[in-house]
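Biologist: I'm new to this one and would like to learn how to read it. Could you put it up and take my questions one at a time?

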Amino acid sequence: MLRGIAVIVAPAALAATLAACRQADAPATDESPAASHAQVVDLERRFAAAVRAQGTKAGFLAFLAEDSIVLQPGPVWGRAAWTSNDDLPGTLEWQPDLAQMSAGGDLGIATGPW
């Protein structure tokens with residue numbers, strides 16, 4: 001049930017999650033669904049904290065993998081897009097609400113209010 005706040009799939013945040021998942025020490029295949037969910041939520045919270053602390057551009061660049069893809073609105077290479085963009089004015093406030101990790105541990109997704 002929606003509570004009157006916008007809930008979206010954040011494509012760039014997804015790319016950040018994928019980049020961080022690749023850097024994780026333990027593969028998600030050995031973890032329970034709850035542990036996988038917690039891993040995605042933790043990564044998204046770290047991404048949100050980096051954006052708040054460093055600014056939007058620097059936060060995204062800290063989490064995007066070299067081969068990441070973001071939607072702007074169509075698919076583009078993530079690091080190239082964020083490297084060439086100026087930092088956005090304002091603050092991105094993001095919090096994961098729902099999250100899942102694929103069985104292979106190579107795809108994570110989160111949605112939440114921003």
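Biologist: Let me start with two side chains: are F47 and F60 buried or exposed?

Modeller: A quick word on the ground rules. This is a predicted model, where local features need pLDDT of at least 70 and side-chain atom pairs count only at pLDDT 80 or more, while totals for chains, interfaces and linings use all residues. Residues are numbered from 1 along each chain as its sequence is written, and side-chain values use heavy atoms, with hydrogens and water left out. Now, buried means under 20% relative accessible area, exposed over 50%, and partly exposed in between, using a 1.4 Å probe and protein chains only. Here, F47 and F60 are both buried. F47 has a relative accessible area of 1%.

Biologist: And what share of the protein chain's 114 residues counts as buried?

Modeller: That comes to 39%.

Biologist: How do I read the fold along the sequence?

Modeller: Look for helices (H or I, at least four residues) and strands (E, at least two), which are DSSP runs numbered from the N terminus. The protein chain has four helices and five strands, in the order β-α-α-α-β-β-α-β-β.

Biologist: How many aromatic pairs does a search of the whole structure find?

Modeller: Rings of Phe, Tyr and Trp (its six-membered ring) pair if their centres lie within 6.5 Å; planes under 30 degrees apart count as stacked, over 60 as edge-to-face and the rest as tilted. The search turns up three such pairs. In one of them, the ring centres of F47 and F60 are 4.8 Å apart and the planes stand at 75°, so this pair is edge-to-face. It ties distant parts of the chain together, with F47 in helix α2 (residues 33–54) and F60 in helix α3, 13 residues apart.

Biologist: Why does the pair of F47 and F63 count as edge-to-face?

Modeller: Because the planes of F47 and F63 are at 75°, with the ring centres 5.8 Å apart. F63 also lies in helix α3, 16 residues from F47, and is buried at 13% relative accessibility. Ring pairs join F47, F60, F63 and W82 into a cluster.

Biologist: Which residues does T56 touch, leaving out those up to four places away in sequence?

Modeller: Contact means heavy atoms within 4.5 Å. On that basis, T56 touches V51, W82, D87, L88, G90 and L92. T56 belongs to helix α3 (residues 56–63) and is buried, at 7% relative accessibility.

Biologist: And across the protein chain, what part of the contacts with a separation of 6 or more comes from residues 24 or more positions apart?

Modeller: Those account for 57%.
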